[in-house]
Amino acid sequence: MRIDVLSIFPKMFDGVVNESILKIAQEKEALDFHAHDLRDWTHDLHRTVDDSPYGGGAGMVMKVEPLVEALEAIVALDARKPHIVFMAPVGRQFSQKIAAEYTKYERLILVCGRYEGFDERAFDWADDCLSIGDYVLAGGELPAMVTIEAVVRLLPRVLGNSMSIVEESFSADNEGLLEHPHYTRPADYRGKAVPEVLLSGNHAEIEKWRKDQSFTRTQKQRPDLLS
């Protein structure tokens, strides 16, 4: 999968994409990542990407001209049709289901907003618009990083054990529930013991315990998921 990011702070992505899962994905050639500086498509001495809004109001708005020119240039870099996503608080809320949906695309272009958001005319280029929660950040870079990692880790060959994603929280295989508790050595730590069923070797009972624990944890932590 090729992922292009358009931002006024492209260097923010350097550490994230060159560590951990995303670094492994690139080494396995599952991810082809490129970050682009929106200011490269400006035409004035100060490389201006924002302007005051028509009608007045606080803050500045990202200009439509550099956004469109940048997208035209980035789309032309690869023959495959991209899925263009604007990262903005007005978008639909990102989820594991959307992450899985995005794995079917060969190309993603993530556009990171700043200031009071985008000139509305730029959204003509958007195939989707995403938010990662009901709060406001300084820009779309962190949401883009979250989206990239959530999607890329689902790609074939990226994780060492493909079963790692099967029983995760929110996964379809786990019926949308939160993941069950996990334990490892030692079997007893400061008087707190691992549940006996996990030491029993009875796989049917272990599976039943895990499903019960998933439901109990979801009921306590995220009852909204049960509805």
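Where is Tyr115 found? Tyr115 sits in the loop between β6 and β7, and that is one stop on this quick tour of a predicted model. Local features here need pLDDT of at least 70 and side-chain atom pairs count only at pLDDT 80 or more, while totals for chains, interfaces and linings use all residues. Residues are numbered from 1 along each chain as its sequence is written, and side-chain values use heavy atoms, with hydrogens and water left out. Helices (H or I, at least four residues) and strands (E, at least two) are DSSP runs, numbered from the N terminus.

**Helix α2 and what follows**

- Helix α2 covers residues 20–27, and its buried residues (buried means under 20% relative accessible area, exposed over 50%, partly exposed in between, with a 1.4 Å probe and protein chains only) are Ile21, Leu22 and Ala25.
- Look down the axis of α2 and those buried residues fall within an arc of 95° (taken from the directions from the helix axis to the C-beta atoms), so they line one face of the helix.
- As a general rule, an α-helix has 3.6 residues a turn, so residues three or four places apart point the same way.
- On the face of α2 turned away from the buried side, you'll find the exposed residues Ser20 and Glu27.
- The cover over the buried residues of α2 includes α1 (14–17) and α5 (141–152).

- Most residues other than glycine have a negative phi, and most peptide bonds are trans.
- Glu29 belongs to the loop between α2 and β2, and it is exposed, at a relative accessible area of 69%.
- Tyr115 also has a positive phi, about 60°, although it is not a glycine; with 37% relative accessibility, Tyr115 counts as partly exposed.
- Arg185 and Pro186 are joined by a cis peptide bond, with omega about 5°, and Pro186 has its place in the loop between α5 and β8 (188–189).

**Aromatic pairs**

- The whole structure has 5 aromatic pairs; rings of Phe, Tyr and Trp (its six-membered ring) pair if their centres lie within 6.5 Å, and planes under 30 degrees apart count as stacked, over 60 as edge-to-face and the rest as tilted.
- Take Phe13 and Phe33: their ring centres are 6.0 Å apart and their planes are at 40°, so this pair is tilted.
- Phe13 is in the loop between β1 (2–7) and α1, while Phe33 is in strand β2 (residues 32–37), so to speak distant parts of the chain, 20 residues apart.
- Phe13 and Phe33 are both buried.
- Phe86 and Phe123 make another tilted pair, at 5.3 Å centre to centre and 40° between the planes.
- Phe86 lies in strand β5 (residues 83–93) and Phe123 in the loop between β6 (107–112) and β7 (128–131), so the pair ties together parts that are 37 residues apart in sequence.
- Phe86 is buried, at a relative accessible area of 0%, and ring pairs link Phe86, Phe118 and Phe123 into a cluster.

**Salt bridges**

- Side chains of opposite charge can pair when their charged atoms come close.
- There are 12 salt bridges in the whole structure, each one a side-chain nitrogen of Lys or Arg within 4 Å of a carboxyl oxygen of Asp or Glu.
- Arg80 and Asp78 form one of them, at 2.9 Å from N to O; Arg80 is partly exposed at 29% relative accessibility, whereas Asp78 is buried at 18%.
- Asp212 pairs with Lys208, with their closest N and O atoms 3.2 Å apart, and both lie in helix α7 (residues 203–221), 4 residues apart, about one turn of the helix.
- Asp224 and Arg222 also meet in a salt bridge, again 2.9 Å from N to O.

**Around Arg47**

- Arg47 lies in the loop between β2 and β3 (50–51) and is partly exposed, with a relative accessible area of 33%.
- Leaving aside neighbours within four places in sequence, Arg47 is in contact (heavy atoms within 4.5 Å) with Asp37, Arg39, Asp40 and Thr42.
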